[in-house]
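Trainee: I've got this one open and would like to walk through it with you. Where shall we start?

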Amino acid sequence: MQVGQKIFMTVVEEMSISRAAARSFVTQQCVSDHIRRLEEEYNVELFKRRPKLSITSAGEELYETFCEIKRIEEKFEKKLEKMKGESKPKLTIGVNGTRINMILSNLLSEFNKYFPKVVISFVVRDTRTLEQMLLKEELDMLLDLNAHGSPQFNILSVARDKLYFLISKTLFDKYYSREDIARFSQGIALEDFRNVPLVSNAEITTIHGILMHYAQRDNVELNILYYTGDYETQIALCNSNLAAGVCPTIVVKKVIDYNRRNSHTDLYIFPIKNQTEELEIQIVTNKGVIQSDYMKKFIELLQLLLKKEYS
């Protein structure tokens, strides 16, 4: 901050020219000169001098503005200190494990062509925890699903997702007939699987919340027996005939690969009917953060690969 700005803030805090001068180690005349220059620069009166010194509305606005500038500068200085203390450039990214696993090898091999020395840490948590970490700047970015709209966030939507019903052949034969396969391939309603034991995402997740929204909308009470945000576990439960599941598009691709590699099993995948809620895959960053070249490149590559994955 400029000297005049700091002195003005000191006058406001002390509400005394003499005390502000003493605190700033300058003369009272010097303090008065700085205030006068600010008043001339902005063409406003910052203080009333009589009967005693008091701040004007314009002065209050300027003080709040300078306080914000001071906070931004202090934040920037802390980041510079942190950068100086790091031996290598680093990215910390919050993510759903399954979602990043589907594109991780391609993403990192491409990224390493540009920035081979950047250290990348992936933090796997539930969405709300990751969003709080991003707000606290414990993360550089977040790969999210339907992010909660904080004014601090920049949200870049890169793909749309859908929900699918996942069930093993054995469990399907227990609850349905062979003729239902053709019918369900056009879409299965929540009513159709209300009696089937289900595994769902953790209760705090976006996908579970949307599933419950559909259940309430359709007046269907679902038979959810298991909760886990780990799709590997969900697929294992489905394969073990313990439950059917509800999963997004990217997990469907994982199941297709699973079926291909395991000839002894079949997991059926059916689209769910009447999906009205948008599922958006989003790259979320904090506003006002200066992005490094390697962070910009990572976002660019992530965006391209997600669009390809969901096309």
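**Charges, strands and a pocket**

Mentor: Start with Glu13, Glu14, Arg19 and Arg23, which a network of salt bridges links together. A salt bridge here is a side-chain nitrogen of Lys or Arg within 4 Å of a carboxyl oxygen of Asp or Glu. Keep in mind that this is a predicted model, where local features need pLDDT of at least 70 and side-chain atom pairs count only at pLDDT 80 or more, while totals for chains, interfaces and linings use all residues. Numbering starts from 1 along each chain as its sequence is written, and side-chain values use heavy atoms, leaving out hydrogens and water.

Trainee: Good to know. How many salt bridges does that rule give?

Mentor: The count is 16. In the one between Arg23 and Glu14, the N to O distance is 3.0 Å.

Trainee: Which salt bridge sits within a helix?

Mentor: Look at Arg36 and Asp33, whose side chains meet at 3.7 Å, N to O. Both are in helix α3 (residues 28–42), three residues apart, which is about one turn of the helix. Helices (H or I, at least four residues) and strands (E, at least two) are DSSP runs, numbered from the N terminus. Another salt bridge joins Asp218 to Arg217, with the closest N and O atoms 2.8 Å apart.

Trainee: Switching to strands: what's going on around β3?

Mentor: Five of the six residues of β3 are buried, so the strand is largely enclosed by the rest of the structure. Strand β4 (residues 119–124) runs parallel to β3, joined by six bridges, and Ile93 stands opposite Phe122 of β4. β5 (residues 141–145) also pairs with β3 in the parallel sense, over two bridges, and Leu142 of β5 is the bridge partner of Gly94. Pairing means that DSSP finds at least two bridges between two strands.

Trainee: What does Thr92 touch?

Mentor: Thr92 lies in β3, residues 90–95. Beyond its neighbours within four places in sequence, Thr92 is in contact (heavy atoms within 4.5 Å) with Ser121, Val123, Glu138, Leu139, Asp140 and Met141. Thr92 counts as buried because its relative accessibility is 15%.

Trainee: What about the five-stranded sheet?

Mentor: That sheet is open, with mixed pairing and the order β9-β8-β10-β7-β11. β9 (224–227) and β11 (267–271) are at the edges with a single partner strand each, so one side of each has no neighbour in the sheet. From one strand to the next, the twist averages 30°. β8 (residues 198–200) and β9 run parallel and are joined by three bridges; there, Ser200 has Tyr227 as its bridge partner in β9.

Trainee: Which helix packs on the sheet?

Mentor: Helix α11 (residues 231–239) does, touching β7, β8, β9, β10 and β11, and its direction makes about 145° with that of β10. Axes are lines fitted to C-alpha atoms, for helices over the stretch in contact, and angles run from 0 to 180 degrees between N-to-C directions.

Trainee: On to pockets. What lines the largest pocket?

Mentor: Its lining has 31 residues, and Lys79, Glu137, Asp140, Val289 and Ile290 lie nearest the centre. The elements giving two or more residues are α4 (57–85), β3, β12 (279–286) and α13 (293–310), and α4 gives the most, with 10. A pocket, on a 1 Å grid over the protein atoms alone, is an open set of points where a 1.4 Å probe fits, with protein on both sides within 12 Å along at least five of seven lines; lining residues have an atom within 4 Å of a point.

Trainee: Where in the fold is Glu137?

Mentor: Glu137 is in the loop between α7 (127–135) and β5. Its phi is positive, about 60°, although Glu137 is not a glycine. Most residues other than glycine have a negative phi, and most peptide bonds are trans.

Trainee: Which peptide bond is cis?

Mentor: The bond joining Arg50 and Pro51 is cis, with omega about 0°. Pro51 lies in the loop between β1 (47–48) and β2 (54–55). Also check Met15, with a positive phi near 50°, in the loop between α1 (3–14) and α2 (17–24).

Notes. Buried < 20%, exposed > 50% of the residue type's maximum accessible area, 1.4 Å probe, protein only.
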